[in-house]
Amino acid sequence: MVSLLKTTIEVSGASKACRFVFISCLFSCLLFFTSAFSSESLFAQENSECFECHTDPAEVGDKVRVDPVTGEVELVSMLVDEDAFHASAHGGEDFYCIDCHADLEDVDLEETEGGHYPNLQPVDCITFCHDDPAETFLEGSHANLMREKGVELPTCKHCHAGEKSKMFTPKADDLYHRMDTIGKCGGCHTEYYDSYRNNLHGQVTALGHVDTDIATCVDCHGQHTILNSSDPESTLGPENAKETCGNCHPGASGSFLKHIAHPQYKNLGYYKSAVVGLLNFRKDPGQLGSIIKSPQIILTILFVMYVGILVITFAQFGTHMLLSWLGTLLDERKGKESKHDK
Amino acid sequence: MTSNGNTTYLRFGLFHRLGHFLIIISFFGLVLTGMPLVFKDYGWAHFLYNLMGGYPTAGNIHRICALITFVATFLHFAFLAFETLVRKNRNIFWGPESLLIQPKDLLNILGDILWFFRLGKRPQFDRYIYWEKFEYLSLMWGTMVMAVTGFILWFPVQSANLVPAKLATFIDLPSIALVAHRYEALLAAGFIFSIHFLHTHLLPENIPVDEAMFTGRVDEGHFKHERGAYYERLKEEGQLEELKVPPASSKAKFVSKLMGLPLLGVGLLMVGFMLSSLICSLASVFVDLTKNIHFDIFSIFAF
């Protein structure tokens, strides 16, 4: 509209030099209108413009996606749940879709038949934003050990996946995320997962309460710098354990830090190793010695003792119960018969 | 069962009935909030835990009930101290009135075993039958273990530091307390909800609820049948008349049934859940143990 007004003013000026300007303005005006009313063009710069299509099931569907890191082929929904997005770690005011995905500035829409070119750009969490945690993870001993053993390293999205879809990156304290990480750590560390479930922390989280007042794997072992607990630098090293345990147990110190978070008394492998140690006692007394010296032995003896007490008690009193029931019933019948005879 | 006459005798005084009531309330609270943690892998445990209020609430109910148990235990020991120190009553430690195991009880056990195999008549019992004594003693022992380990778990940091640092690498007090607390709880809950219920309330002559602990009264026929020696002894000593009380009102009987039956149902339901979960756990252990053994059942048809 402004350009139109301009042209009329300039026409009234009626100078020869102005004719070029008039034509060029008219041309630009034409361009403006065509661009404003053409359905063919998209400039997804604002989140709302992306959501216009990506929240409508009629516009977008599932796409086959090849993971750029793992090469995994999967079917990914292009639909975005706006509420889930806003609840996610990237759902704040300052984040735009094009921060991670490329925008549509140079996309030739005719060539891609109305939509835009698939896989605008693989999302790169590390390069521009999360280089620090990625570095601590990728260069930490956990990742190094995985490389040594030839185990495939997880990507960011392996752990940081939302409840409904991988795309909604959960916040650190998100309850689903905390529950999910227990299963994901436990997927490889099955023995430690089982023993964690025997501890009070694991019992409560198994019942569905995973808020930050109960320890999951990452609360004790750290999030990205995952060091072996025997490493003095780790979160469970002698110096750091005070702080790690002290987060929930104020005043944690001294003997409390020696807590066995992973009791072995329900682990069949532990009993097998004890039997092997017993058999090899003559050749290698140290093997059995290390089992006896470990704090697990008291727990195991106590557990076995209690199982024995339980079995004996219920077997004995159960038999007593049945026999006295039977006896009473037989006596009653006898009593009735004798009455009958009289 | 004979129900002749309106003569009823007092078996439990108000004090003991109050103690039993406090123990019922606290025990059910403790079991319903604690047991889900043991059977955390099963759906009923999730349901029950959420029913009791979820993470902090169920724990708080558990602690409140533990305090009620402490009150009941304190009352009991105060009673014992009063009887021995003030009243100079030695009968509670020795003799037929005692709840401790007496030589007579060993004879009674032998007699009962003979009776089980129809080799003799059932022995006549005195005031407390031998299995009641076992129940009492195991309750005392269990309460002690549960209280000590429960306090360790309630204040893990403070109690762990009671262990000297040199021993701490070998003795981990909170973990030991957790194992003891968990399996002692299984023992206690399993015992009360199956053996105690079946021994007292679900006996053929008492079914469905033995009202003696709620109304405190027992009628003469039942008394003679259940505790013959006690009856005869009281009669000889001339104390029987002192225990004679008016029969329980129908209202008291109704209330005791109203209270007893739901608790009985909840307890038996818990035993059912626990037992079925145990069978499932054992089955999964069995599968785990035998997963490397390949035995083709149809190989027996090979020849």
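## Exercises on a predicted two-chain model

The contact draws 36 residues from chain A and 40 residues from chain B. The model is predicted.

**Exercise 1.** Describe the side of chain A that touches chain B: which helices supply it, and what classes of residue does it hold?

*Solution.*
- Step 1: find the helices. α11 (200-206) and α16 (296-341) of chain A each give at least two residues to this side.
- Step 2: find the largest share. α16(A) provides it, with 17 residues.
- Step 3: sort by class. The side of chain A that touches chain B has 23 nonpolar, 11 polar and 2 charged residues.

**Exercise 2.** Compare the reach of helix α14 of chain A with the expected span. Then decide: does α14(A) lie largely in the open or buried?

*Solution.*
- Step 1: take the reach. α14 (residues 268-279) of chain A has 12 residues, and 17 Å separate its first C-alpha from its last.
- Step 2: compare. At 1.5 Å a residue, 16 Å is expected, and the reach is close to that.
- Step 3: count burial. A buried residue has 20 or more other C-beta atoms within 10 Å of its own. The number buried among the 12 residues of α14(A) is 0, so the helix lies largely in the open.

**Exercise 3.** Work out how α5 and α8 of chain B pack: at what angle, and with what handedness?

*Solution.*
- Step 1: read the geometry. α5 (residues 130-154) and α8 (residues 173-201) of chain B pack at about 150°, axes 9 Å apart.
- Step 2: classify the angle. Angles over 145 degrees count as roughly antiparallel. α5(B) and α8(B) are therefore roughly antiparallel to each other.
- Step 3: assign the hand. The crossing of α5(B) past α8(B) is left-handed.
- Step 4: sort the contact. Between α5(B) and α8(B) it has 14 nonpolar, 7 polar and 2 charged residues.

Conventions
Residues are numbered from 1 along each chain as its sequence is written. Chains are lettered from A and ligands numbered from 1 in the order in which they are written. This is a predicted model: local features need pLDDT of at least 70, side-chain atom pairs count only at pLDDT 80 or more; totals for chains, interfaces and linings use all residues. Two residues are in contact if their C-beta atoms, placed from the backbone, lie within 7 Å. Helices (H or I, at least four residues) and strands (E, at least two) are DSSP runs, numbered from the N terminus. Ala, Val, Leu, Ile, Met, Phe, Trp, Tyr, Cys and Pro count as nonpolar, Asp, Glu, Lys and Arg as charged, and the others, Gly among them, as polar. The expected span of a helix is 1.5 Å times one less than its number of residues. Axes are lines fitted to C-alpha atoms, for helices over the stretch in contact, and angles run from 0 to 180 degrees between N-to-C directions. Angles under 35 degrees count as roughly parallel, over 145 as roughly antiparallel, 65 to 115 as roughly perpendicular and the rest as oblique. A crossing is left-handed if the near helix is turned anticlockwise from the far one by less than a right angle, and right-handed if clockwise.
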